[in-house]
Every structure is written in C-alpha cells, then in structure tokens.
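Let's walk through a structure together, one feature at a time. Have the sequence and the model open as we go.

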Amino acid sequence: YYISEYDLRDTAADIDTEEVGVHIFSGEYDFSATVEMGREAHEAIAGSTFCEMKGIGHFPMSENPAKFIECLLPVLEHIRG
C-alpha cells in the first residue's frame, strides 16, 4: 500500500507540523519502509523529527522494546515540553 498505492511525496510539504506533530521512526531492517524512505519523508516535512532505529525492523515495540523506548522517550518529552 505505502509504496504502490499511496505516494506522500506530492503532498508532504503541505503538512503543517504546528498543527500536527510528525515523528518518523525508521527501523534499520524494515524493508517495507526503509530508512532512506523515512529520511526522505522527514526532509520533505518541515518541522518533523526523524529517528533511525539501529538493529530493529518493522515492529520495534515487539522486536526490541527497550531500544524502542530509547527512541520514543525523547519524542514524548518533546511533545510534553
């Protein structure tokens, strides 16, 4: 779906991160949503944040909960901030 039926590239720049936060987490071993794709989306969405999760795939919360929390907590602090 994400690759063949929906393409964010045409509208990504229209996302207002003052209205809705965008926090992109990309797993090193996620082959359906690669780190490169995540980085490209981050660069297209002004005000977004990006975290490359080393050693994790598509389901970080089940694959490595401790590592996922390390990535998630700074974002939650930012939101709370």
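Q: How many bridges join strand β1 to strand β2, and do the strands run parallel or antiparallel?

A: Before we count, a word on the source: this is a predicted model, in which local features need pLDDT of at least 70 and side-chain atom pairs count only at pLDDT 80 or more, while totals for chains, interfaces and linings use all residues. Residues are numbered from 1 along each chain as its sequence is written, and side-chain values use heavy atoms, with hydrogens and water left out. Helices (H or I, at least four residues) and strands (E, at least two) are DSSP runs numbered from the N terminus, and two strands pair if DSSP finds at least two bridges between them. Here β1 (residues 23-27) and β2 (residues 49-53) run parallel and are joined by five bridges.

Q: What unit do β1, helix α1 and β2 make?

A: For handedness, point the strands away from you: a crossover is right-handed if the path from the first strand over the helix to the second runs clockwise. In this model, β1, α1 (residues 35-44) and β2 form a β-α-β unit that is right-handed.

Q: Where in α3 does a kink lie?

A: The bend at a residue is the angle between axes fitted to the seven residues ending there and the seven starting there. In α3 a kink of about 30° lies at L72, shortly before the proline P74. As for span, the expected value is 1.5 Å times one less than the number of residues in the helix. With 16 residues, α3 (residues 65-80) reaches 21 Å from first C-alpha to last, close to the 22 Å expected.

Q: Which residues of α3 are buried, and what covers them?

A: Buried means under 20% relative accessible area, exposed over 50%, and partly exposed in between (1.4 Å probe, protein chains only). F68, C71 and V75 are buried in α3. Their cover includes β1, β2 and α2 (60-63). L76 also has its place in α3, but L76 counts as partly exposed because its relative accessibility is 40%.

Q: How many disulfides does the structure hold?

A: A disulfide is a pair of cysteine sulfur atoms within 2.5 Å. The structure holds zero. C51 is in none, and its nearest cysteine sulfur, that of C71, is 3.4 Å away.

Q: Which residues does E52 touch?

A: Contact means heavy atoms within 4.5 Å. Not counting residues up to four places away in sequence, E52 touches S26, V35 and R39. E52 is found in β2 and is partly exposed, with a relative accessible area of 26%.

Q: Is G47 buried or exposed?

A: G47 is exposed, because its relative accessible area is 61%. Look for G47 in the loop between α1 and β2.
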